[in-house]
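Welcome, and thanks for taking a look at this one. Please have the chain open in your viewer while you read the briefing.

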Amino acid sequence: MAMSVRSPFVVVMGHVDVGKTLLLDKIRGTSVAYREPGMITQHIGMSLVPWPAVERFAGPLVDRLKLRGRIWVPGFLFIDTPGHAAFSNLRKRGGSVADLAVLVVDITSGLEDQGAESLKLIQSRGVPFVIAANKLDRIYGWRSVENRPFLFAVEEQEWHAVATLEERIGKLIDELSRFGIEADRYDRVRDFSRQVPIVPTSAVTGEGIADLLVVLAGVSQRFIPRERLQVADGPARGVVMEVKEEKGLGVVADAIIYDGRIRKGDVVVTAGLDGPREARVRMLVMPKPLEEMRDPEDRYMAVEEVRAAAGVRIVADGLEGVVAGAPIYAVWDPQAIPHVQKQIKEEIAEIKIESDREGVIVRADTFGTLESTILFLRQQGVPVRKADVGPPTHKDVVEAVLSRRRNPAFGVILAFNVKVPPDVEKEAASSGVKIIKGEILYRIFDEYIKWSHEVKTKTVEQILSQLTRPAKIQLLPGYVFRRSDPAIVGVKVLAGTLKPGVTLVKDGREVGRVMQIQKQGKPVNEAVAGDEVAISIQGDVIVGRQIKEGDVLYVYIPDEQARQWLFQYKQHLREDEIKALEEYLKARRRGSG
Ligand code: GDP
């Protein structure tokens with residue numbers, strides 16, 4: 001089969017407001033201004049930046065870095081939608097369709113929450129990346145020249161502007177090192193296989209855009225295996241980015257084709273919530289070349305065939321219910337359809353989780369977000385019992401209840417980007433199942449961690465409230481108020497905590513139950529080491545017979561509880577309580593031995 005090399009897919013990630021959208025606009029603008037006339041640079045959902053356009057735009061930098069004639073990637077396909085959801089939906093079995101990522105950070109504020117989350121996502125999918133340290137023009141005293149390469153710009157600044165820049169970059173490097181990432185300003189990177197390049201950019205002035213594109217080319221050639229970019233001439237392989245209703249067309253799927261070809265009339269196999277779907281392509285839609293795009297209403301054209309790499313709108317009957325992040329494969333040989341269906345079925349089964357182990361319940365809106373949510377939770381050490389696409393159901397609530405029986409911190413449904421039906425919400429509330437929902441993964445996760453700590457604390461508190469606390473007391477001479485029925489005596493708590501209801505023992509033998517504790521004439525709920533109190537003892541006990549003034553008594557603790565104290569909850573006992581417990585156990589052993 002004939003092979004050719006395609007452009008790598010590049011995805012832009014980062015915290016909100018760091019300039020992702022503006023940076024993409026600037027890159028697109030550059031590509032439009034410097035492209036060959038007639039060249040199609042717009043795809044569905046992405047934009048092509050041809051390498052020759054970069055060479056024209058960034059000529060002096062390309063020469064300075066001695067890259068002219070040495071770049072074999074044909075260009076870059078930038079995914080138009082920046083951010084987490086798009087990146088997640090670029091999923092492919094065992095990795096990502098994205099070949100490269102640009103992590104954009106605001107140079108004046110560093111990584112930030114969603115930046116950190118993006119970073120973890122990129123790492124979890126094993127995608128090579130570069131960092132754009134954006135808003136370079138905001139560096140105090142920086143003098144900008146439109147579209148100038150950073151490498152030239154930095155040489156013409158006042159020393160204090162460069163110093164400020166260096167300080168910011170230094171901070172960023174420190175921050176990244178906390179994620180186990182070694183990074184440096186791109187022109188100082190010695191070993192690209194160890195260090196992530198940082199490219200200062202400004203999406204407003206265009207400074208550093210040339211550097212970013214050139215560094216992306218370098219990183220592509222070094223870190224994307226050439227085989228990965230080789231496309232065959234066979235049936236298309238792609239991934240669904242978005243499914244939507246389009247006026248006059250019905251339900252369409254915007255897909256990214258990373259290998260092969262798709263033709264009008266082809267059968268495609270993809271996946272919905274309930275398994276594989278088959279559809280016949282009625283129409284393939286691409287944006288018109290710029291020159292022909294006169295009326296903004298009339299931006300699209302139908303094409304007969306699309307080759308990888310491409311972003312294309314697929315119009316076909318039977319795409320209702322197809323889920324973003326699903327694979328989409330063209331099938332040319334009708335006999336191969338069952339085989340491809342089986343492949344897709346297996347692939348979907350790999351994303352979902354259905355088990356009876358202990359863990360949380362996860363719901364997400366697409367296969368892509370589901371997979372990245374699971375990956376993220378796994379990295380954080382949170383087990384998942386069940387994970388599926390779509391809104392939470394009654395069955396999920398039941399599953400959460402079952403999971404909670406083993407561990408109260410798993411009685412929870414994490415709902416990412418999905419609406420929770422009101423009746424499910426109600427049922428969850430009445431069965432005490434927590435639902436945590438949201439559009440930002442780390443926020444859901446943080447809330448879960450907070451909640452699970454609360455649950456754990458509450459559970460421990462509940463268990464502790466049912467355990468008898470150890471205590472050692474002594475009958476004070478001269479303080480016998482009543483000899484029996486009940487006996488009322490003055491005691492000193494020598495160690496531990498004495499509470500009403502406990503049983504007292506002397507030399508391993510039961511004495512009676514403490515009914516009330518009074519301190520200075522008032523009933524109290526407990527007495528601690530050092531307290532002198534009066535207690536009433538119910539039982540077959542007469543002071544002077546079974547117990548005498550000056551006697552030392554212990555609180556009776558069942559063996560099972562003693563074990564729990566020692567092996568599970570020792571940290572919840574005070575030093576003097578531990579001492580009382582140990583003495584009590586020693587006395588017991590002597591008594592029974
Ligand atoms: P996104 O949320 O990451 O897509 O960020 P946007 O591209 O929407 O940008 C957020 C804000 O930052 C907008 O007001 C932009 O004009 C501004 N902005 C983006 N890039 C730059 C930059 O390089 N320099 C300056 N000064 N402002 C920028």
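What share of the 593 residues in the chain is buried? Buried residues account for 44% of them. Please keep in mind that this is a predicted model. The chain holds 16 helices and 33 strands, and its radius of gyration is 35 Å, well over the 25 Å that the globule rule gives for 593 residues, so the chain is more spread out than a compact globule.

**Overall form**

- Among contacts with a separation of 6 or more, 72% are between residues 24 or more positions apart.

**Domains**

- The domain assignment divides the chain into domain 1 (4–229), domain 2 (232–349), domain 3 (352–466) and domain 4 (471–592).
- The centres of domain 1 and domain 3, taken over C-alpha atoms, are 36 Å apart.
- Twelve residues from domain 1 and twelve residues from domain 3 take part in the contact.
- On the side of domain 1 that touches domain 3, α4 (84–89) and α5 (113–124) each supply at least two residues.
- Helix α5 gives the largest share of that side, with six residues.
- By class, the side of domain 1 that touches domain 3 is made of three nonpolar, five polar and four charged residues.

**The annotated span**

- According to the unreviewed UniProt entry, residues 5–226 carry the annotation "domain: Tr-type G".
- Residues 5–226 are 38% helix and 20% strand, and the end C-alpha atoms of the span lie 8 Å apart.

**Around the ligand**

- The ligand has 16 residues around it, of which Gly19, Lys20, Thr21, Leu22 and Ala203 come nearest.
- Helix α1 (residues 20–34) provides the largest share of this shell, three residues.
- Sorted by class, the shell has six nonpolar, five polar and five charged residues.

**Valine 104**

- Valine 104 sits in strand β7 (residues 100–106).
- Is valine 104 buried or exposed? Valine 104 is buried, because 29 other C-beta atoms lie within 10 Å.
- Beyond its neighbours within four places in sequence, valine 104 is in contact with Val12, Met13, Gly14, Val18, Gly19, Lys20, Leu23, Ala132 and Asn134.
- Valine 104 and threonine 468 are 364 residues apart along the chain, and their C-alpha atoms are separated by 57 Å.

**Backbone points to check**

- As background, most residues other than glycine have a negative phi, and most peptide bonds are trans.
- Alanine 308 and alanine 309 are joined by a cis peptide bond, with omega about 0°. Alanine 309 belongs to the loop between β18 (305–307) and β19 (310–317).
- Another cis peptide bond links aspartate 485 and proline 486, where omega is about -10°. Proline 486 is in the loop between β26 (471–482) and β27 (487–498).
- Aspartate 17 has a positive phi, near 70°, although the residue is not glycine. Aspartate 17 lies in the loop between β2 (9–14) and α1, and it counts as partly exposed, with 13 other C-beta atoms within 10 Å.
- Lysine 135 also has a positive phi, near 70°. This lysine is in the loop between β8 (129–134) and α6 (150–153). Lysine 135 is buried, since 25 other C-beta atoms lie within 10 Å.

**Proline 500**

- Where is proline 500 found? Proline 500 is in the loop between β27 and β28 (503–506).
- Proline 500 counts as partly exposed because 16 C-beta neighbours lie inside 10 Å.
- Not counting residues up to four places away in sequence, proline 500 touches Val514, Met515, Gln516 and Ile517.
- The C-alpha atoms of proline 500 and lysine 437 are separated by 45 Å, and the two residues are 63 residues apart along the chain.

Definitions and conventions
Residues are numbered from 1 along each chain as its sequence is written. This is a predicted model: local features need pLDDT of at least 70, side-chain atom pairs count only at pLDDT 80 or more; totals for chains, interfaces and linings use all residues. Helices (H or I, at least four residues) and strands (E, at least two) are DSSP runs, numbered from the N terminus. The radius of gyration is taken over C-alpha atoms; the globule rule is 2.2 Å times the number of residues to the power 0.38. A residue is buried if 20 or more other C-beta atoms lie within 10 Å of its own, exposed if 12 or fewer, and partly exposed in between; C-beta atoms are placed from the backbone. Two residues are in contact if their C-beta atoms, placed from the backbone, lie within 7 Å. A residue is near a molecule or strand if its C-beta atom, placed from the backbone, lies within 6 Å of it. Ala, Val, Leu, Ile, Met, Phe, Trp, Tyr, Cys and Pro count as nonpolar, Asp, Glu, Lys and Arg as charged, and the others, Gly among them, as polar. Domain bounds come from an automatic or database domain assignment. UniProt positions are given in the numbering used here, feature names are shortened, and annotations may be inferred rather than shown by experiment.
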